[in-house]
Amino acid sequence: MIFLLFGFTACKKDKNNGNIPNVTVNLSLPLALPEYAPLNSVGNSIEIQGGYKGILVYHRFQNEYIAFELACTYDPLEANAIVEKDSSNVIGVDYHCGSRFYLTDGSVLQGPANQSLKQYQTEYDAGSNTLYIFN
């Protein structure tokens, strides 16, 4: 009985892991506009408003973009649990809990987070040079 009690209390260390509130995302980014211009080059990223705490958009390959929620998956309800790009521009860090993520695919590089960043769907229209982000 004592072992069961200890097991249940140990699980509380996981905080709210992965419980990012669902919000509707339906954005279009005309990449010809100056504020989105960095996304015209592979390897660049920008942060935009939207989602729960913001969205990071990364230009992964030619005509391929990926978009992540900026709320850290370790404790997304914590006010300061926000992923920021580090100086490498390919690693995202939550300086509040210390979790680190690869921005190329959202996977966890270092915990305490054990779930990848929440990803939004993207679709690029080359004809209009517009990126759509949605869920």
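Six strands form an open sheet in the order E1-E10-E9-E4-E3-E2, with antiparallel pairing; strands are DSSP runs of at least two residues, numbered from the N terminus, and two of them pair if DSSP finds at least two bridges between them. Strand E1 (26-30) and strand E2 (45-48) are the edge strands, each of which pairs on one side only. On average, neighbouring strands of this sheet are turned by 25° against each other, direction ignored, where axes are lines fitted to C-alpha atoms and angles run from 0 to 180 degrees between N-to-C directions.

The model is predicted, and local features need pLDDT of at least 70, side-chain atom pairs count only at pLDDT 80 or more, and totals for chains, interfaces and linings use all residues. Residues are numbered from 1 along each chain as its sequence is written, and side-chain values use heavy atoms, with hydrogens and water left out.

Thr130 belongs to strand E10 (residues 130-134). The side chains of Thr130 and Ser128 are joined by a polar contact of 3.1 Å, that is, a pair of N or O atoms within 3.5 Å of which, within protein, one must be able to donate a hydrogen and the other to accept it, residues adjacent in sequence counting only if both atoms are side-chain atoms. Leaving aside residues up to four places away in sequence, Thr130 touches Ser28, Leu29, Pro30, Glu123, Tyr124 and Asp125, contact meaning heavy atoms within 4.5 Å.

A second topic is the open sheet of four strands, which has the order E5-E6-E7-E8 with antiparallel pairing. Its edge strands, each pairing on one side only, are strand E5 (83-85) and strand E8 (108-110), and its neighbouring strands are turned by 35° against each other on average, direction ignored. Strand E6 (residues 91-94) and strand E7 (residues 100-102) pair in the antiparallel sense over three bridges, with Val93 opposite Arg100 in E7.

The table gives relative accessible areas; buried means under 20%, exposed over 50%, and partly exposed in between (1.4 Å probe, protein chains only).

| Residue | Relative accessible area | Class |
|---|---|---|
| Thr130 | 9% | buried |
| Cys72 | 0% | buried |
| Cys97 | 23% | partly exposed |
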